[in-house]
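Please walk me through this structure.

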Amino acid sequence: MSSVGSSAIGQRIAASHTTYRVLTFALFAAAWEAYASQARSLLIPRFSETVIGFFTLLTDRHFWEALFISNQSLVLGFSIAVVLGIPLGLAMGRFRAAERAVDVYLNILLVTPMAALIPILLMSLGLTLASRVVLVVLFSIVMIIVNSRAGVRQVDPSLIEMARSFGASERQIWWRVLLPGSLPAVMTGVRIGLGRAVTGMVIVELLMVAVGIGGLILEYRGFFKADLLYGTVVIVVLEALALITLARRLERRVAPWARQSGVMERA
Amino acid sequence: MIEVVGLNMTFGGLTQSGGSVEALRDVNLRIEDNEFLTVLGPSGCGKTTLLRAIGGLVTWNSGEIRIDGRAVTGPGPERAMVFQNVALLPWDTVLSNIAFGLELRGMAREDRERKAMELVDLVGLSGFERRMPRELSGGMQQRVGLARALAVEPKVLLMDEPFGALDEQTRRILQEELIRIWERTRTTVVFVTHSMDEAVLLGDRIALFSARPGTVDEVLRVPLPRPRSRDIGSIERSAEFVAIRSRLWERLREMQPDLRRPAPVARIAS
């Protein structure tokens, strides 16, 4: 009985959330429309034009090809970052030697503006898929490593001691305590890393290798196709949002015991 | 039989002055088979450190701990611990947590779950075996902790203030349950506590610890009859209970460090 009541309240709250969102969005769209019609600039499309541009792009084969090319570097780079970053971060969290060996480079990656690395990458790897992939890796791997490391470190030491008292080997401690214990933080790292991978994907195309979505943005800007330019940006944002929502779902699914696991949300 | 012989332990260089803390000094203790020994002392007296040493979780400077004549060098299958903060795996069900020790020993899933179910019944958690630890109250969580330790059928049960974090009523109920279970299993138990009532109620003997450095001040035999699970209320009102309790309080008050020694503040000021 009480659960029925509370779920009804939950639905009402959710409904009012949606109402708010629709309202604020409508307000935003109206302001945009008003400003753009008054500005009459080639570079600022009206909201309605952007919407039309958005749907035009969805039917454009040229656009889908660009999206595919961009996502190649995203998928490859992000996968590499996950496969390398998680074990590295976990090892750094547990073993002093790994921490000492890698910490310096991790700090360099943390403080270096990634965009500054692009010319260096291009000079060594050329205008290739490889250089785009490497950049996506560099963009996303830092957050994955840092969060995985924090994940291992924040595992309750009394759980490790308990496992040891029951005679657990280091291997058993990894499988039964450290890995499940760090999973929430690792998943947070993966989610933040994914956001950074999308950033890396677009930035490298904008700044150097004018292909894919970045290339398209540059092209539309050159021809003053403001509606298509804005439409493209909207689609990139939507893709990033969709991916991150997916990652968040996965996070909750694999680690339901951890309500809040935001360890290092400085993306 | 557990023998603790001339145990000394120092935590080195941890204080700001660079000095070391003497945790245990010349601890000698003998715990017979099937005996329930309670270790009582003021907080910070090293009684938990002693328990962790017997558990093989820490190393010491000199002296020896032997179990049935064999020197302790690390954790072993004949010992199991119950922790004050319970330390349950939050991602596992009650049943998996209870079966954890058996799992580490490589017992097949079906066998260990059958064994764990027996313990679910023993500690009164029937119907909760598929729950997650966070869904349980503190008292029920500690029942899981006890069941997990009993599941590996240890010869020695090491309990580190297991009821210390519980509220009064829950603690009472769990003490009664522990007495009931112990009087059925008669496992050798070393039970660390800072509660005088608990030390008397549960123990066959009480090892009274003094603080800084931690050492055994006195070992008292508890003259209360077994089984005690029948009528705990009348045991607590008995003359023997009251006598040993006031004896303990006398000794504990004498050894209160803040009453006997000059306060450490004086040293900082100079």
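Between the chains, 18 residues of chain B are in contact with twelve residues of chain A; contact means that C-beta atoms, placed from the backbone, lie within 7 Å. On the side of chain B that touches chain A, β6 (79-82) and α3 of chain B are the elements that give two or more residues. The largest share, three residues, comes from α3(B). By type, the residues of this side of chain B divide into 14 nonpolar, three polar and one charged. Nonpolar covers Ala, Val, Leu, Ile, Met, Phe, Trp, Tyr, Cys and Pro; charged covers Asp, Glu, Lys and Arg; the others, Gly among them, are polar.

The model is predicted: local features need pLDDT of at least 70, side-chain atom pairs count only at pLDDT 80 or more, and totals for chains, interfaces and linings use all residues. Residues are numbered from 1 along each chain as its sequence is written, and chains are lettered from A and ligands numbered from 1 in the order in which they are written.

Now take helix α4 of chain B, residues 109-122. Helices (H or I, at least four residues) and strands (E, at least two) are DSSP runs, numbered from the N terminus. The buried residues of α4(B) are R112(B), A116(B), L119(B) and V120(B). They cover an arc of only 105 degrees around the axis, so they lie on the same side of α4(B). Buried means 20 or more other C-beta atoms within 10 Å of the residue's own, exposed 12 or fewer, and partly exposed in between, with C-beta atoms placed from the backbone. The buried residues of α4(B) pack against α2 (94-98), α3 (100-104) and α5 (138-151) of chain B. On the other side of α4(B), E110(B), D111(B), R114(B), E118(B) and D121(B) are exposed. After α4(B) comes G124(B), whose phi is positive, near 75 degrees.

Methods:
Expected span 1.5 Å × (residues − 1). Arc of directions from axis to C-beta. Contact = placed C-beta atoms within 7 Å.
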